[in-house]
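Take a look at the chain shown here.

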Amino acid sequence: MNENEEAMMADERAAMMAMAYTADDYDVDAHVGAHEALRRLRDGNRIYVAALDHERDLSPERIQDLFENGQRPFACIITCADSRVVPEHIFMTGLGELFVIRVAGNVVGPVELASAVYACEHLHTRLLLVLGHTHCGAIKAALDGERGYVAAITERISEALGDVRDPYAASVVNARAAVAELEASPELARLAAEEGLEIRCAVYHTHCGVVDFLEGAAG
């Protein structure tokens, strides 16, 4: 890294620290729009990658507030069960801010779909994000043709991948396949048409912490 890059990174860190927001800035309104929710995730990931302190609210008071007044997550995230992929850290959020559904390979079956519908319909989240990641063990198992006890996951991933063999491309294709499953839901389609729900996808780089927010068809 040259001197200019170091200076730019230092300036960005200083700007992030000057923001000094807390968890309360995120969920004072349970009906956060999809674009605002996505902006918050992008901002949180930039802070995470810059390795600043995690200052989200995890206090006893926050726990009590969520118990008494209920949860108000601004986004629902479907992601892998991989221990390296923790959305609350990746997006620098506190208690009650994200409704997270975790399953190996971030696949979407009936249970994951039902959970997502609950978050979007009853908790009023307006952003539903499928978060894939690089170096995914479930995707590798699918590419290697593993079956047996993991078949419920690998068969679904293999069907989505088709002839794709590049690991990063596989992560993208698999995440977009999950988005397509969600978009086929009549309940979620109604929320998208009537209440501004957006279904998007992204890929987390396990080697550096950066999230690629994907554009285009199915995410």
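## The chain as a whole

This is a predicted model. The chain holds 10 helices and five strands. It has 219 residues, and 45% of them count as buried. The chain exposes about 10,800 Å². Carbon and sulfur atoms supply 55% of that area.

How far apart in sequence are the residues that touch? Take contacts between residues at least 6 apart in sequence: 70% of them join residues at least 24 apart.

## Helix H6

Helix H6 covers residues 110-122, which makes 13 residues. From first C-alpha to last, H6 reaches 17 Å. That is close to the 18 Å expected at 1.5 Å a residue. Five names to find in H6 are Glu112, Ala116, Val117, Ala119 and Cys120, which are buried. Seen down the axis of H6, the buried residues fall within an arc of 165°, so they line one face of the helix. The face turned away from this buried side carries Pro110 and Val111, which are exposed.

What do the buried residues of H6 pack against? Three strands are partners: E1 (75-79), E2 (98-102) and E3 (127-133). Two helices are partners as well: H9 (167-183) and H10 (186-195).

## Two nonpolar cores

The largest nonpolar core has 24 residues. Ile78, Leu128, Val130, Leu182, Leu188, Leu197 and Ile199 touch the most other members. Several elements give two or more residues to this core: E1, E2, H6, E3, H9, H10 and strand E4 (198-204). H9 gives the most, with five residues.

Leucine 182 shows how this works at one residue. Leaving aside its neighbours within four places in sequence, leucine 182 is in contact with Ile78, Val108, Leu113, Ala116, Leu128, Val130, Leu188 and Ile199. A second, separate core has 19 residues. Among its members are Leu38, Phe91, Leu131 and Val211.

## Two positive phi angles

Most residues other than glycine have a negative phi. Which residues here take a positive value? Methionine 92 is one of them, with phi near 50°. Methionine 92 sits in the loop between helix H5 (87-90) and E2. Its relative accessibility is 3%, so methionine 92 counts as buried.

Histidine 124 is another case, with phi near 65°. Buried or partly exposed: what is histidine 124? Its relative accessibility is 26%, so histidine 124 counts as partly exposed.

## Buried serines and a threonine

Serine 171 is found in helix H9. Serine 171 has a relative accessible area of 2%, so it is buried. Which residues does serine 171 contact, leaving aside neighbours within four places in sequence? They are His133, Thr134, Ile139 and Val203.

Serine 185 lies in the loop between H9 and H10. Serine 185 is buried because its relative accessible area is 2%, and buried means under 20%. Leaving aside neighbours within four places in sequence, serine 185 is in contact with Leu113 and Val117. Serine 185 and alanine 114 are 71 residues apart in sequence. In space they are 9.7 Å apart, C-alpha to C-alpha.

Threonine 154 is found in helix H8, residues 151-161. At 1% relative accessibility, threonine 154 counts as buried. Not counting residues up to four places away in sequence, threonine 154 touches Ala138, Ala141, Ala142, Glu146 and Arg147.

## Cysteines

How many disulfides does a search of the whole structure find? The search finds zero.

Cysteine 201 has 1% relative accessibility, so it counts as buried. Cysteine 208 has 37% relative accessibility, so it counts as partly exposed. Cys120, in H6, is buried.

Notes:
Residues are numbered from 1 along each chain as its sequence is written. This is a predicted model: local features need pLDDT of at least 70, side-chain atom pairs count only at pLDDT 80 or more; totals for chains, interfaces and linings use all residues. Side-chain values use heavy atoms; hydrogens and water are left out. Helices (H or I, at least four residues) and strands (E, at least two) are DSSP runs, numbered from the N terminus. The expected span of a helix is 1.5 Å times one less than its number of residues. Buried means under 20% relative accessible area, exposed over 50%, partly exposed in between (1.4 Å probe, protein chains only). The arc is that of the directions from the helix axis to the C-beta atoms. Contact means heavy atoms within 4.5 Å. Accessible areas come from the Shrake-Rupley method with a 1.4 Å probe; for residues, only the protein chains shown count as cover. A disulfide is a pair of cysteine sulfur atoms within 2.5 Å. A nonpolar core is a set of buried Ala, Val, Leu, Ile, Met, Phe, Trp, Tyr and Cys residues joined through side-chain atoms within 4.5 Å.
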